[in-house]
Every structure is written in C-alpha cells, then in structure tokens.
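Hi everyone, thanks for coming. I'd like to walk you through one structure today, so please have a look at the screen.

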Amino acid sequence: MEEGRPRVVTFVADVATLLMWKTQEKIPENSLESFKRAMEKGYAIEIDIHITKDDKVVIFHDDSLKRMCGEDRLIEDMTLEEISKYTLSDTSCKIPTLDD
C-alpha cells in the first residue's frame with residue numbers, strides 16, 4: 001500500500017436508499033442481499049469501499065466493524081480472511097468484496 005493513498009472511496013449514485021434494515025425485512029446495509037433488494041425495487045445503490053491489510057477491496061460503510069459486527073477493529077488492520085469470519089448485524093450476511 002502506497003503512503004498517502006486513500007483507504008476509503010465512496011461511489012454515490014443519484015439516490016442512495018439502502019435502509020432495508022429499518023423495514024421488517026431486517027436486511028443489513030452493504031450486504032449482497034440489500035443490493036439485490038434495492039435493484040428489485042428500482043433503487044440506486046451507494047457503496048463505500050475499504051482496502052484491507054492484504055490489499056483486498058471490501059464493501060463496508062464504517063472504518064471499523066464495531067457498529068455492524070460488534071468487534072472494535074479497523075478494516076485496514078485486518079486481512080480479508082479475518083474479515084470473512086464476521087457477519088452483519090447478527091444475520092447470516094457476510095461483508096462482501098467488490099468481486100462478489
């Protein structure tokens with residue numbers, strides 16, 4: 001990783017509406033399930049990406065896993081293998097990669 005290179009980039013569509021978690025569906029934000037449901041409903045998608053310690057790209061809003069996974073660790077300090085062990089908001093949804 002080059003010094004000074006940004007570790008997070010945000011891609012914003014015209015409408016960013018992935019509030020599925022607040023509905024009865026309980027689909028966590030930034031999950032593949034939320035992207036699928038948003039597309040089914042015709043919503044645009046906003047994503048945040050982060051680069052892991054081993055230079056892999058994951059889709060995740062926060063810098064750390066604390067809010068969504070209950071673990072106070074920074075994504076940039078973790079490998080993709082470590083991150084893949086966590087689920088989002090007590091669901092079976094995993095943290096997706098850009099390749100997913």
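Let me start with Asn30, which sits in the loop between β1 and α1. Helices here are DSSP runs of H or I with at least four residues, strands are runs of E with at least two, and both are numbered from the N terminus. Phi of Asn30 is near 60 degrees, a positive value in a residue other than glycine. Is Asn30 buried or exposed? Asn30 counts as buried because its relative accessibility is 6%. For that label, buried means under 20% relative accessible area, exposed means over 50%, and partly exposed is in between, with a 1.4 Å probe and protein chains only.

Before we go on, a word on where this comes from. This is a predicted model, in which local features need pLDDT of at least 70 and side-chain atom pairs count only at pLDDT 80 or more, while totals for chains, interfaces and linings use all residues. Residues are numbered from 1 along each chain as its sequence is written, and side-chain values use heavy atoms, with hydrogens and water left out.

How far can we trust it? pLDDT is the predictor's confidence in each residue, from 0 to 100. The protein has a mean pLDDT of 80, and 75% of its residues reach 70 or more. Helix α3 (residues 80–83) has the highest confidence, at 98, and strand β1 (residues 8–11) the lowest, at a mean of 42. Over residues 6–22, pLDDT stays under 50.

Now the overall layout. There are three helices and three strands, and along the sequence they follow the pattern β-α-β-β-α-α. Of the 100 residues, 33% are buried.

Next, helix α1. Its buried residues are Ser34, Phe35 and Ala38. Viewed down the axis of α1, they fall within an arc of 100 degrees, so they line one face of the helix; the arc is that of the directions from the helix axis to the C-beta atoms. Their cover includes β2 (47–51) and β3. On the face turned away from that buried side, α1 carries the exposed residues Lys36 and Glu40. Just after α1, Gly42 takes a positive phi of about 80 degrees.

Leu32 also belongs to α1 (residues 32–40), and it counts as partly exposed because its relative accessibility is 38%. Which residues does Leu32 touch, leaving out those up to four places away in sequence? They are Pro96 and Asp100, where contact means heavy atoms within 4.5 Å. Leu32 and Asp100 are 68 residues apart in sequence, but 7.9 Å apart in space, C-alpha to C-alpha.

On to the loop between β3 (57–59) and α2 (66–69), where we find Ser64. Ser64 is buried, because its relative accessible area is 15%. A polar atom of its side chain lies 3.3 Å from the backbone nitrogen of Lys66. Not counting residues up to four places away in sequence, Ser64 touches Asp72, Arg73, Leu74 and Ile75.

Finally, compare Asp90, in the segment after α3. Asp90 has a positive phi of about 55 degrees although it is not a glycine. Where Asn30 is buried, Asp90 is exposed, with a relative accessible area of 81%.

Notes:
Polar contact = N/O pair within 3.5 Å; in protein donor to acceptor, adjacent residues only side chain to side chain.
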